[in-house]
Amino acid sequence: MPQPPITLTQLLEMRADFVLENEPLVLMRVSKEMFDYVIESFVHKGRNWCNFPIPRYVEDFPTRKIVLSALVEHMKDAFPDLKFRLCPSVISVNVN
């Protein structure tokens, strides 16, 4: 019986490598989107709160909790006067 060209274990290892290599890129992309969203809401629309919808590509990412936690910490550093809270489908942002 011929062996398959690639095993499930090999595929899972490649997927794990891909995730580790691309996690910083996903974080950078969603950080830029959130920066723009927060600035649009607070500066251009004059709000004192907003709910940033978590993008679908982050929802599907295997390490989404790590990416989202890192994103929230990154945003806290960038906007110290705002309060960020991670919710199931959004990141809630309020004036502190």
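Student: Among contacts in the protein chain between residues at least 6 apart in sequence, what share joins residues at least 24 apart?

Tutor: That share is 59%, where contact means heavy atoms within 4.5 Å. Before we go on, note that this is a predicted model, in which local features need pLDDT of at least 70, side-chain atom pairs count only at pLDDT 80 or more, and totals for chains, interfaces and linings use all residues. Residues are numbered from 1 along each chain as its sequence is written, and side-chain values use heavy atoms, with hydrogens and water left out.

Student: Thanks! Which pattern does the protein chain follow along the sequence?

Tutor: The pattern is α-β-α-α-β-β, with three helices and three strands in the protein chain. Helices (H or I, at least four residues) and strands (E, at least two) are DSSP runs, numbered from the N terminus.

Student: How do you know whether the protein chain has the radius of gyration of a compact globule?

Tutor: We set one value against the other. The globule rule is 2.2 Å times the number of residues to the power 0.38, and the radius is taken over C-alpha atoms. For 96 residues a compact globule would come near 12 Å, but the protein chain has 18 Å. The box filled by its C-alpha atoms, taken along the principal axes, is roughly 65 × 20 × 20 Å.

Student: Why is S31 called buried?

Tutor: Buried means under 20% relative accessible area, exposed over 50%, and partly exposed in between (1.4 Å probe, protein chains only). S31 has 6% relative accessibility, so S31 counts as buried. This residue sits in helix α1 and, leaving out residues up to four places away in sequence, touches L71, H74 and M75.

Student: What makes K32 count as exposed?

Tutor: K32 is also placed in helix α1. Its relative accessibility is 53%, and therefore K32 counts as exposed. Between the C-alpha atoms of K32 and F18, 14 residues apart in sequence, there are 21 Å.

Student: And why are E40 and L25 called partly exposed?

Tutor: E40 has a relative accessible area of 36%, so E40 is partly exposed. L25 has 48%, so L25 is partly exposed too. From E40 to L82, 42 residues along in sequence, the C-alpha separation is 14 Å. For L25 and V93, 68 residues apart along the chain, the C-alpha atoms are separated by 23 Å.

Student: How much of the protein chain counts as buried?

Tutor: Of its 96 residues, 32% do.

Student: What makes a set of residues a nonpolar core, and which residues have the most contacts inside the largest one?

Tutor: A nonpolar core is a set of buried Ala, Val, Leu, Ile, Met, Phe, Trp, Tyr and Cys residues joined through side-chain atoms within 4.5 Å. The largest here has 21 residues, and M34, V38, F84, I91 and V93 have the most contacts inside it. Two or more residues come from each of α1, β1 (49-53), α3 (64-78), β2 (82-86) and β3 (90-95). Helix α1 gives the most, with six residues. In soluble globular proteins, nonpolar side chains tend to be buried together.

Student: Which residues does M34 contact, leaving aside neighbours within four places in sequence?

Tutor: M34 is in contact with F52, L71, M75, F84, I91 and V93.
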